[in-house]
Amino acid sequence: MIFDVAAQSLASKSALLPIEQLFGDCTASRMPEVVAGRLNYELACKAAAVCPTQALRLSEEDGCRRLMLDYGKCTGCGRCIEAGGGALRAAATGVPCGVTRAALLRCWNTDNGSEIAFDEASPDSIARQIRSLLGRALNIRQVDAGSCNGCEAEIGALTSPYYDLERFGIHFVASPKHADMLLVTGPVARNMEQALRRTYEATPSPKLVVAVGACGCSGGIFHGSYAVSGAIDAVIPVDGHIPGCPPTPAMLLTGILNVLKGKQVRSYE
Amino acid sequence: MSAPVSSSRSSGGIADALALLKAGNCRLVSIFGSIDDDGSRCVHYLLDTEKREYRLYSGQVQGALPSVTAITPAAAWYEREIHDLYGIAIEGHPNLQPLVFHEDWPEGAHPRPAIANAGAAGEYRFLKVEGEGVCEVPVGPVHAGIIEPGHFRFSVVGDTVLHLELHHFYTHKGTEALMEGRQVPDGSMLAESISGDNCFAHAVTYCQAVENAFGISVPPRGRALRLIGLELERMLAHIGDFGALCGDVAFSVPAAYTARLKESLLRVSADCTGTRFWRGLCRPGGMQYDLPAEKLRALADCVAETARDFAELAQKCLETPSIQNRFETTGILHRDLARSLCVVGPVARASGLRLDVRRDHPYGRYRTFALEVPSHSAGDVMARARIRTQETQISARLIAHAIEEMPSGAVRISIPWQASAEGFSAVESPRGELLYYLRINEGRIRRCHIKSPSFQNWPALPLAMPGNIIADFPLINKSFNLSYSGCDR
């Protein structure tokens with residue numbers, strides 16, 4: 001009976017993952033990264049050629065040939081890893097989550113394989129700042145603006161005993177009127193455009209909007225469809241982007257905390 | 001599965017299909033449109049005959065198409081979709097309102113603007129229920145939980161629901177049109193993004209359609225790996241659904257426990273394959289890469305442990321009187337209604353229709369298994385919960401068996417895809433019969449139709465509602481667990 005269920009549950013060992021293990025982890029998203037020193041122009045061409053969403057592309061600036069990687073478009077299909085002859089691998093960390101759209105870009109010099117940095121951030125200070133954020137309450141309203149439900153599956157997993165989002169004071173609420181943050185998935189389907197606008201308007205200010213998944217960041221694989229209006233930021237203002245197809249629970253958590261961090265810095269300015 | 005594809009484009013194909021549907025001894029699988037190379041409009045009827053054989057009847061349409069909805073109610077949405085997407089007039093349809101396009105749909109946004117009669121779709125009219133004390137309750141498209149968008153319009157007296165009408169297709173993304181023009185190997189990626197929680201079933205069905213079109217047989221090891229992925233996806237879906245049902249009747253401990261079981265399967269998947277949902281693994285011709293024996297052993301162990309823990313939990317839950325009280329006699333879908341709407345999957349099996357593509361039209365590794373297909377006659381939430389518990393155990397056994405008798409050798413065979421061909425394939429996805437029809441022109445997709453089990457089953461949900469209280473709707477809806485994106489595509 002039901003008390004036996006409770007007993008069975010209590011008897012099982014805790015599955016809870018510590019924050020240190022989750023923050024910044026992007027294992028199993030199959031987002032690629034370049035293996036320093038292994039990249040050359042030929043392999044970069046091969047990898048870019050198989051990318052179905054143009055997340056990987058080649059460019060040339062000041063005579064320097066570059067491989068550009070836009071995580072906002074990447075669906076983690078793994079084809080570049082297969083085609084890249086060891087020059088690319090699945091990233092375990094280092095995929096930016098909860099950042100501006102521009103910060104989802106990474107860039108490598110294809111002649112020597114070295115990364116061309118856009119932005120530097122010290123991981124130590126991030127960890128310190130995250131700890132200072134934990135314990136603050138945050139109410140999230142999740143909005144599906146047309147996703148395939150892959151992102152919903154991973155957002156739902158955040159409330160499982162492995163991640164237990166509530167331990168950080170983060171709750172999913174039933175109404176946009178109770179929300180501090182909208183977590184929005186999907187390319188915006190035309191039939192959802194008005195509902196998304198209205199949900200945004202119904203959320204009291206100050207409010208945060210996070211675009212989730214390749215579709216939310218860039219329209220993803222649905223980019224260009226007659227039935228899709230585009231990425232989330234084509235319809236409502238967005239504070240942070242979490243890439244991935246779908247982003248793993250660890251990436252979602254990292255992104256949500258990073259958006260909070262950015263907002264906290266801004267509110268002190 | 002051999003793919004009997006009729007290439008006849010005469011109008012006779014339509015007449016044959018209509019005659020078979022009138023005779024009533026076949027099941028409607030799908031109706032879809034296409035445009036021929038000369039610009040003429042075609043309609044295709046896919047039927048499952050008495051002999052458990054898929055048959056495709058095709059024909060060009062001149063003028064209006066006679067509606068079969070009055071004889072086969074399951075045709076209602078298909079005919080409305082053809083009307084929306086191909087501008088084909090349907091004669092005698094009882095309710096030919098726009099299905100896919102909502103009232104604020106922009107003019108000209110259409111896969112085939114030249115033939116479209118779409119544009120501003122006009123106001124959608126809900127059935128008006130009148131009488132003393134009747135209220136309308138609109139719900140959605142943005143719902144309270146972490147779920148997909150759709151609209152439900154209830155007509156109630158007090159708590160009791162008299163009528164429910166669905167207004168869906170909020171997540172319509174024009175996926176079938178997006179497929180057109182893509183190179184054959186790229187189609188599987190889009191297929192994976194049609195219903196994310198069933199992404200592997202979609203990828204396998206797409207790939208099998210390609211393989212059937214070109215008459216290619218996947219190597220045995222590739223077939224076995226696909227079975228493992230498909231059954232794992234079913235376990236995840238069924239365990240998750242069971243937990244959500246418990247959550248909907250306020251039993252949060254089993255809900256949390258199943259969330260934990262689900263996550264353990266996802267984590268072992270990530271460790272075994274590099275991806276939590278087996279995305280990107282299935283490719284036309286087989287699997288993208290092999291999985292090493294020790295990883296498969298770890299997967300087998302986790303599956304066995306999860307199945308054991310889940311069986312114990314489910315039994316305790318279903319023996320609990322307060323759960324029985326909420327599940328039994330709630331949301332009954334009668335067998336006759338299920339049959340006339342050609343309902344598929346666990347919902348059909350819980351209403352006494354013993355249908356399962358794995359047994360009726362076996363494919364891949366399933367050809368060599370004698371599959372056990374449970375069914376229940378009650379058609380209520382309890383029956384749908386029981387089906388899911390039983391099928392989880394069957395899936396676990398299939399996985400164990402497939403890993404135990406894993407063939408060696410290649411997992412993929414190359415496909416001469418840069419040719420022209422036509423084919424289809426069906427798979428028993430966690431939600432039921434999923435079917436892809438493909439026409440390929442010199443290596444590029446010319447037409448791709450996706451018959452999704454959710455598109456088929458959604459119209460049945462409102463028929464399980466009358467007489468139930470509105471507070472039981474989340475429970476009944478969850479017991480059907482249909483995909484919005486899979487339906488809307």
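Modeller: Chain A averages a pLDDT of 87, and 90% of the residues score at least 70; pLDDT is the predictor's confidence in each residue, from 0 to 100. Over residues 120–124 of chain A the pLDDT is below 50, and this stretch has one contact in the model beyond near neighbours in sequence, a contact being two residues whose C-beta atoms, placed from the backbone, lie within 7 Å. Where pLDDT is low, the predicted coordinates should not be read in detail.

This is a predicted model, in which local features need pLDDT of at least 70 and side-chain atom pairs count only at pLDDT 80 or more, while totals for chains, interfaces and linings use all residues. Residues are numbered from 1 along each chain as its sequence is written, and chains are lettered from A and ligands numbered from 1 in the order in which they are written.

Now the sheet. In chain B, three strands form an open sheet in the order 1-2-3, with antiparallel pairing. Strands (E, at least two residues) and helices (H or I, at least four) are DSSP runs, numbered from the N terminus, and two strands pair if DSSP finds at least two bridges between them. Strand 1 (27–35) and strand 3 of chain B each have a single partner strand, so one side of each is left without a neighbour in the sheet. From one strand to the next the twist averages 20°; angles run from 0 to 180 degrees between N-to-C directions, with axes fitted to C-alpha atoms, for helices over the stretch in contact.

Helix 1 (residues 12–23) of chain B lies across strand 1, strand 2 and strand 3 of chain B, at about 135° to strand 3. Helix 2 (residues 76–86) of chain B also packs on the sheet, touching strand 1 and strand 2 of chain B, and its direction makes about 5° with that of strand 1.

Strand 2 (residues 41–48) and strand 3 of chain B are joined by seven bridges and run antiparallel. The bridge partner of V43(B) in strand 3 is G59(B), and L47(B) stands opposite R55(B). Five residues lie between the strands of this hairpin, where R52(B) takes a positive phi near 55°. Strand 3 (residues 54–60) of chain B is mostly covered, with five of its seven residues buried; buried means 20 or more other C-beta atoms within 10 Å of the residue's own, exposed 12 or fewer, and partly exposed in between, with C-beta atoms placed from the backbone.
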